[in-house]
Amino acid sequence: MAAVQQAARPGRLPELALTIVSVMIGLGAYALVHLGANGAMPENMASAAVIFAGAALGAHLLIRWAAPYADPVLFPAALALNGIGLGMIERIDIALGSTQGSSQAIFTLIGIALAVLTVMTIRDHRILRRYTYTSLVVGSVFLILPLIPGLGREIYGARIWIDVAGFSFQPAEAAKIFFAIFFAGYLVVNRDNLALAGPKVLGLRLPQLRHFAPLLLAWLVCIAVLIFQKDLGTSLLFFGLFVSMLYVATDRLSWIIIGGLLALGGGFVVFQLFPHVTARFNVWLNAMEPQVYDAPFGSYQVVQGNFGMASGGLFGTGLGQGYPSIVPQANSDFIIASIGEELGMAGVFAILALYLVLVIRGLRSAAYVRDGFGKLLAAGLSFMIALQVFVVVGGVTRLIPLTGLTLPLVALGGSSLVLNWIVIGLLLRISNAARRPNIPSADPIPSAWDDDGVAENPEAASEPTEADRADTEAMRMP
Amino acid sequence: MNQPIRRVATLALLMFLALMIAVTMIQFVRAPALTADSRNARTIYEEYGRERGPIIVADQTVASSEPADDVYQFLRTYGQGELYAHSTGYFSVAFNSMTGIERLENDVLGGSSQSLALQRLRDLVTGNEPRGGGVELTLDPQIQQAAVDALNGQRGSIVVLEPDTGRILAMVSVPSYDPNLLASHDAAAARESYEALSTDESRPLINRAVAGDLYAPGSAFKVVTATAMLENGYEPDELIDAPTQYSPPGTSHTINNPGEATCGDGSGQATLLQSLRQSCNTPFAIAAVEMGEETMREQAEAFGFGQELAIPMAVTPSRFPDATTQAELAQSAFGQFDVRVTPMQMAMVASAIANDGSLMRPYLVERTLSPDLDVLRVTDPEELSVAMGEDSAAQMTEMMVDVVANGTGFRAQIPGIDVAGKTGTAEISTSIPPHAWFIGFAPAEDPQFAIAVVVENGGYQGFGTDGGSLAAPMARSVLQAALSE
């Protein structure tokens with residue numbers, strides 16, 4: 001196997017250089033926002049620079065030490081997104097007189113710390129496989145938490161928040177990581193059953209019912225989430241996560257088609273039954289109509305967001321010089337519209353490019369890493385980021401109906417930020433495994449790796465097949 | 001599993017490509033339409049965010065932008081709001097609209113004008129906040145104020161032109177309004193003010209001088225008919241038919257002179273000079289029928305009737321009606337039937353006579369300035385048309401001087417100065433008091449000021465009014481103020 005591996009390049013120096021660039025982007029955004037809106041540098045510029053640069057460089061050094069072969073682009077890309085987000089949140093603070101930027105800054109430090117902690121404590125991502133069903137239980141509990149009376153809180157009609165010790169927390173953000181771990185662990189064991197068993201109809205190999213059941217279950221869970229928490233975005237995200245991982249595990253297009261049909265069916269039923277979903281579709285299709293625009297829960301927000309982006313044009317009004325705060329939730333659900341207004345189409349494209357770098361680098365790690373569990377987990381987490389960006393930006397730009405999701409790492413929201421940083425930590429850890437030199441002795445199989453009590457074919461899980469190896473080779477970029 | 005991972009990567013790429021197309025659609029393709037949408041407050045915020053240039057009258061700022069501590073950053077302020085309201089217009093954020101010079105010179109005032117491109121580039125390099133340029137009006141504050149004082153709260157309008165250039169020295173429409181009320185950043189208060197002003201029966205928001213309802217000119221229109229007569233072979237001292245009563249061909253309708261008076265010495269004939277001095281109706285009716293509708297129309301159009309005109313505000317075209325019968329034509333000759341005019345049009349009639357027959361295009365904008373007070377554009381006087389020959393103009397001047405010296409316009413006399421003029425009393429119906437008119441110019445030998453005055457429905461005098469007693473004294477006080485400068 002070592003024969004097919006190129007000489008491993010740790011890439012720590014490029015990471016350092018890119019980290020410095022990202023720190024400058026973040027601090028530059030912070031300074032420009034104040035210069036543009038107030039005409040003066042922020043008062044705490046020096047201390048902010050020291051703390052932000054210190055946290056970034058500290059994290060870099062710890063990653064360097066704990067995961068010397070980790071992908072050098074992941075951390076700087078996430079840091080740049082976070083920095084731009086902080087700048088924009090500060091910008092909206094200035095416009096609205098709020099002070100959410102400071103708490104978001106604290107959550108940024110916590111998030112970076114937890115990402116590093118993830119890299120340092122989980123020395124081998126395969127350990128997570130032991131917690132396949134534990135993750136299912138924990139993830140489900142997190143998902144149900146907001147429905148518990150006294151704990152859950154309804155904001156903007158969606159019951160997806162809980163109050164803990166004075167802090168609000170969106171448990172679905174945590175649930176999605178646990179579900180990704182569960183799906184990866186479950187699918188790596190059952191992939192052959194799902195892929196090969198079952199009758200063939202019209203050229204599609206349909207799965208057997210007992211293998212089909214988890215998909216149905218996932219579908220029902222998503223519908224349940226939607227019904228009880230009125231959270232269209234999270235349901236869509238979970239369902240997309242599951243279907244995409246199922247496809248990666250089985251390479252069966254039939255899963256995508258069945259999944260798509262179930263999603264459409266579920267969507268149609270929900271569309272018929274729930275007025276707020278019907279309203280979302282109406283807003284999507286007829287946003288510019290005056291009666292839709294003026295209606296309560298109508299298209300005012302999305303249309304104002306589009307106005308903002310339009311006024312930004314190609315290069316934007318400049319940080320601090322537009323009117324992003326006209327749009328409701330300008331620093332959370334609609335932060336991409338705020339960025340579009342002040343940084344223009346160029347800025348939005350830059351943000352999308354940074355996400356694309358994260359996603360493609362994550363998927364590259366998935367292709368390189370040698371164990372099936374790692375492949376599935378990295379692919380699932382990466383695709384989840386892509387899907388979330390697609391749903392959010394697509395909603396704001398009226399490519400698809402608007403759902404209540406926030407832009408990972410950029411939008412306001414402590415729980416979302418912290419947990420997305422943990423996702424980055426996991427991807428860093430898996431990328432380290434994918435990129436390090438493949439010395440068999442340095443690649444021990446965790447001792448209790450079939451703790452979940454499912455018999456499996458160790459070869460299928462831990463060793464790439466010949467075909468996979470060829471794939472790995474083909475995907476390696478010059 | 002790498003094959004599907006690669007496909008997932010392709011799918012992710014396609015998803016991002018779709019997002020980029022959607023973003024391009026909004027920020028590039030549909031951006032102009034979205035920006036122009038009236039529900040988009042940013043456009044007007046943008047106007048306010050920039051320091052809008054001043055509107056200047058005689059070196060004094062009459063509209064300026066004061067720093068404001070809110071999203072708009074600048075509050076538009078009108079120092080002598082009511083005096084200039086119909087010229088400046090207002091700049092309102094509450095209902096996202098502008099009127100008057102604020103709207104018509106918005107590209108200069110707002111700084112988006114092509115002529116300010118260099119300035120914008122300079123601001124970009126030097127880091128200066130972009131500012132708008134200034135607009136200097138032709139108005140003369142003393143004449144403007146004298147006109148407002150003369151109307152003394154009576155609904156009507158006064159226009160003063162400089163005959164040899166067309167500069168608008170005064171343009172007054174009463175009642176007026178305070179543009180500050182509409183420019184207020186307090187949206188509710190501004191809306192309330194607008195609501196009150198727009199539903200006010202006296203309609204203060206309209207500029208009666210150029211864009212209100214058209215008025216019947218009454219006898220003031222005889223100046224047009226008299227000009228047509230001079231241009232078509234009549235002489236001021238020639239005796240023409242001037243009976244006490246006249247029935248045009250093909251009708252039993254009789255035309256009387258004002259007050260059913262006899263014209264001239266009662267012989268049934270009078271000179272044109274006498275007819276104008278006394279403001280008889282019948283000689284003009286007879287002459288119009290003799291000259292024919294086409295001749296009358298051509299003369300009216302030479303004075304600007306029926307033409308689109310922008311000063312830069314649009315001036316509603318005045319009309320000489322399609323007189324289908326001789327009776328209608330006869331009535332049109334002394335400004336009744338369906339002749340309808342703006343005060344601006346009647347001031348133009350006076351100014352063409354004052355300027356040897358040459359009608360200059362009226363204009364309100366003297367010049368536009370960059371934020372650094374460099375001159376961007378100066379309005380050059382321009383001839384709109386030749387309304388009559390120089391001889392006719394001289395004869396008309398002589399006759400109009402006589403009207404003021406010895407005739408119905410005597411209340412416009414100014415000691416030591418020859419004033420030329422013509423009164424008018426436009427009867428509308430038996431139930432509505434007539435409009436009182438005076439048009440004229442002074443000094444007659446070297447005309448500096450041409451004026452048109454109209455007071456709606458007799459002003460405070462009501463039914464007892466006529467142009468000579470109500471409008472002529474107003475013209476005198478305005479001309480006196482103008483001449484005393």
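How much area do chain A and chain B bury between them, and what percentage of it is on carbon and sulfur atoms? The exercises below work through this and related points on a predicted model, in which local features need pLDDT of at least 70, side-chain atom pairs count only at pLDDT 80 or more, and totals for chains, interfaces and linings use all residues. Residues are numbered from 1 along each chain as its sequence is written, chains are lettered from A and ligands numbered from 1 in the order in which they are written, and side-chain values use heavy atoms, with hydrogens and water left out.

**Exercise 1. Describe the contact between the two chains.**

Step 1. The size of an interface is often given as the accessible area lost when the parts come together. Here the buried area (the accessible area, with a 1.4 Å probe, that two parts lose on being put together, summed over both) is about 4,100 Å² for chain A and chain B, and 72% of it is on carbon and sulfur atoms.

Step 2. Taking contact as heavy atoms within 4.5 Å, one finds 56 residues from chain A and 36 residues from chain B taking part.

Step 3. Counting salt bridges (a side-chain nitrogen of Lys or Arg within 4 Å of a carboxyl oxygen of Asp or Glu) gives two between chain A and chain B. One of them joins the side chains of E341(A) and R42(B), at 2.9 Å from N to O.

**Exercise 2. Work out how helix α12 of chain A and helix α1 of chain B are placed against each other.**

Step 1. Helices (H or I, at least four residues) and strands (E, at least two) are DSSP runs, numbered from the N terminus; the two helices concerned are α12(A), residues 300-312, and α1(B), residues 2-29.

Step 2. Two packed helices are described by the angle between their axes and the distance between the axes. Axes are lines fitted to C-alpha atoms, for helices over the stretch in contact, and angles run from 0 to 180 degrees between N-to-C directions. In this pair the axes come within 7 Å and cross at roughly 70°.

Step 3. Angles under 35 degrees count as roughly parallel, over 145 as roughly antiparallel, 65 to 115 as roughly perpendicular and the rest as oblique; α12(A) and α1(B) are therefore roughly perpendicular to each other.

Step 4. From α12(A), the residues N306(A), M309(A), A310(A) and G312(A) meet V23(B), I26(B) and Q27(B) of α1(B). These contact residues divide into four nonpolar, three polar and no charged, where Ala, Val, Leu, Ile, Met, Phe, Trp, Tyr, Cys and Pro count as nonpolar, Asp, Glu, Lys and Arg as charged, and the others, Gly among them, as polar.

**Exercise 3. Describe the five-stranded sheet of chain B and what packs on it.**

Step 1. The strands follow the order β8-β7-β21-β20-β19 in an open sheet with antiparallel pairing. At the edges stand β8 (168-174) and β19 (420-426), each with a single partner strand, so one side of each is left without a neighbour in the sheet. The twist averages 5° from one strand to the next.

Step 2. Seven bridges pair β20 (residues 435-442) with β21 (residues 449-455) in chain B, and A436(B) has V455(B) as its bridge partner.

Step 3. Helix α17 (residues 390-406) of chain B packs on the sheet, touching β19 and β20, and its direction makes about 65° with that of β19(B).

How values were computed: Pairing = 2+ DSSP bridges.
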